[in-house]
Amino acid sequence: MNSSRNKAFCRTVRTALCALALTGTAIGTGASGAWAAADDTTYVALGDSMASGPLIPGITGPLACGRSTHNYPHELAASLGASLTDVTCSGAASKHMTEKQSLSLLDVPMGSAPPQFDALRADTDLVTLTIGGNDTGLVGIAQDCTNLDPSATPCKDKYNEGGVDQVGQRIAEFVPRMAAVLDGIHQRSPQARVVVTGYGLYIRPGGCWPLQPVLPVDADFLQGSVDRMNTVIAEQSAAHGAEYIDLATPSKGHDSCQAPSEKWVEGYVPTAAAAPLHPNRQGESNYARIIGAHLQGS
């Protein structure tokens, strides 16, 4: 197939996907068939630090965004041959899709990043999104749960005081925000294929205290909270015409308890150039591989 016919075919596929979204048909979590990027494919990456890859060399964009040239958007764009606009930024929450984000580094103000939706265009072909961790505050909770005393009261109890599931409340409050983000993407880029990732496997069942300084019950509480958020992200993706990519299941055996050569995410004390409790370069590369395989129907 020559180049012009190939591009026309790709545009036809995108139009069909858009029609499904506009009629409310959920693409959801299943395979959507093979998809090959045309030479002029435009790709916009939206999201937070899980997508931006803080402290992974080399850095691009605003320093405080911690955006790496080896995050999954850059690796994915390279594999697809797509033209990338990467606006992912550490600390981003759902509100920063439509509002500017104030930036700081070591408590020093570093200006602001424009609303991430500013990068979307009517003719954008592909959008990836990773969002939710900052809305629900899960990284802060994980930092709060460190404990070197095996007889200490589990951190989990603090977040269930008085029988109130505080994490559950935060996740429930995130539901309409996630829905609004997905609808906003479709409104601005109606032709785009919209792919939403969940968050990976950060710690194995039961944890690995004291290598990662959280009690076994808290390790399950923390990863369980991530899994609950992933469920919401998957459900909202299916309900709002986007495709969900599960990154937790293929991350089994690559959590922060593993050897440096095996893990895709760093623990509380990183052993690779990456931020604590975030994917390392190997993780970002594998996330790109998983997303790319989904896009191409593998």
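How close do the axes of helix 3 and helix 9 come, and at what angle do they cross? The views below show a predicted model, in which local features need pLDDT of at least 70, side-chain atom pairs count only at pLDDT 80 or more, and totals for chains, interfaces and linings use all residues. Residues are numbered from 1 along each chain as its sequence is written, and side-chain values use heavy atoms, with hydrogens and water left out.

**View A. Crossing of helix 3 and helix 9.** The two axes, lines fitted to C-alpha atoms over the stretch in contact, come within 8 Å and cross at roughly 45°. Helix 3 is therefore oblique to helix 9 (angles under 35 degrees count as roughly parallel, over 145 as roughly antiparallel, 65 to 115 as roughly perpendicular and the rest as oblique). Tyr72, Glu75, Leu76 and Leu80 of helix 3 meet residues of helix 9 that include Arg281, Tyr287 and Leu295 (contact means heavy atoms within 4.5 Å).

**View B. Buried residues of helix 3 (residues 72-80).** Tyr72, Pro73, Leu76, Ala77 and Leu80 are buried (under 20% relative accessible area, 1.4 Å probe, protein chains only). Because these residues cover an arc of only 130° around the axis, they lie on the same side of helix 3. Their cover includes strand 1 (42-47), strand 5 (126-130) and helix 9 (281-295). Just after helix 3, Gly81 takes a positive phi of about 70°.

View C. Residues 101-105 and 108-113 pair in the antiparallel sense over four bridges (pairing requires at least two DSSP bridges). Ser102 has Ser112 in strand 4 as its bridge partner. Two residues stand between the strands, and Leu106 takes a positive phi near 55°. Helices (H or I, at least four residues) and strands (E, at least two) are DSSP runs, numbered from the N terminus.

Terms used:
Buried means under 20% relative accessible area, exposed over 50%, partly exposed in between (1.4 Å probe, protein chains only). The arc is that of the directions from the helix axis to the C-beta atoms. Axes are lines fitted to C-alpha atoms, for helices over the stretch in contact, and angles run from 0 to 180 degrees between N-to-C directions.
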